[in-house]
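Reader: I would like to learn how to read the helices of a model. Please show the structure and take me through the features in turn.

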Amino acid sequence: MKNILGVSALASLLLMPTAYATLLVGDTVNGKRLYNANCTGCHDTSVHSRKERFVQSLDALRKQLGNCRHLATAEFSASETQDLLKYLNEEFYKFR
């Protein structure tokens, strides 16, 4: 019985990050379109994959998107912001 509980607890811990990542809503195709249309005027995608990148968590990525919004050529809706967040996380960051 003790082993079953231990295995169950371990399985829950291992599955939790994956479940969190799948809860991230958004449309990655639209996020990529928005990124290419609005963000590449200031930087290319290499800022997301460099070794010393500034963003180190999903919350930091969300905050950085808010900081960049004033530089974009368009005002993003809440759903567009989610699309960008999902695209960047799935394509580059892979935070859980």
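Author: We can begin with burial in helix α5, where the buried residues are Thr81, Asp83, Leu84, Leu85, Lys86, Tyr87, Leu88, Asn89, Phe92 and Tyr93. Buried means under 20% relative accessible area, exposed over 50%, and partly exposed in between, with a 1.4 Å probe and protein chains only. Helices are DSSP runs of H or I with at least four residues, strands are runs of E with at least two, and both are numbered from the N terminus. This is a predicted model, in which local features need pLDDT of at least 70 and side-chain atom pairs count only at pLDDT 80 or more, while totals for chains, interfaces and linings use all residues. Residues are numbered from 1 along each chain as its sequence is written, and side-chain values use heavy atoms, with hydrogens and water left out.

Reader: How many helices and strands does the chain have?

Author: There are 5 helices and 0 strands. From the N terminus on, the order is α-α-α-α-α. Of the 96 residues in the chain, 27% are buried.

Reader: Which helices do the buried residues of α5 pack against?

Author: Contact means heavy atoms within 4.5 Å. The buried residues of α5 pack against α2, α3 and α4 (58-68). Take Asn89, which lies in helix α5. Asn89 counts as buried because its relative accessibility is 4%. With neighbours within four places in sequence left aside, Asn89 is in contact with Leu24, Leu58, Leu61, Lys94 and Phe95.

Reader: What is the phi of Lys94?

Author: Lys94 is in the segment after α5. Its phi is positive, about 60°, although Lys94 is not a glycine.

Reader: Which residues of α2 are buried?

Author: In helix α2 (residues 28-38), Asn30, Gly31, Leu34, Tyr35 and Asn38 are buried. Viewed down the axis of α2, these residues fall within an arc of 140°, so they line one face of the helix. The arc is taken from the directions from the helix axis to the C-beta atoms. Val29 and Ala37, on the other side of α2, are exposed. The buried residues of α2 pack against α3 (46-49) and α5 (78-93).

Reader: What is found at the start of α2?

Author: A polar contact is a pair of N or O atoms within 3.5 Å; within protein, one must be able to donate a hydrogen and the other to accept it, and residues adjacent in sequence count only if both atoms are side-chain atoms. At the start of α2, a side-chain oxygen of Asp27 comes to within 3.0 Å of the backbone nitrogen of Val29.

Reader: How is a pair of packed helices described?

Author: The description gives the angle between the two axes and the distance between them. Axes are lines fitted to C-alpha atoms, for helices over the stretch in contact, and angles run from 0 to 180 degrees between N-to-C directions. For α2 and α5 the angle is about 95°, and the axes are 7 Å apart. The two helices are therefore roughly perpendicular to each other, a label for angles of 65 to 115 degrees; under 35 counts as roughly parallel, over 145 as roughly antiparallel and the rest as oblique. Residues making the contact include Thr28, Lys32 and Leu34 of α2 and Glu80, Lys86 and Glu90 of α5.
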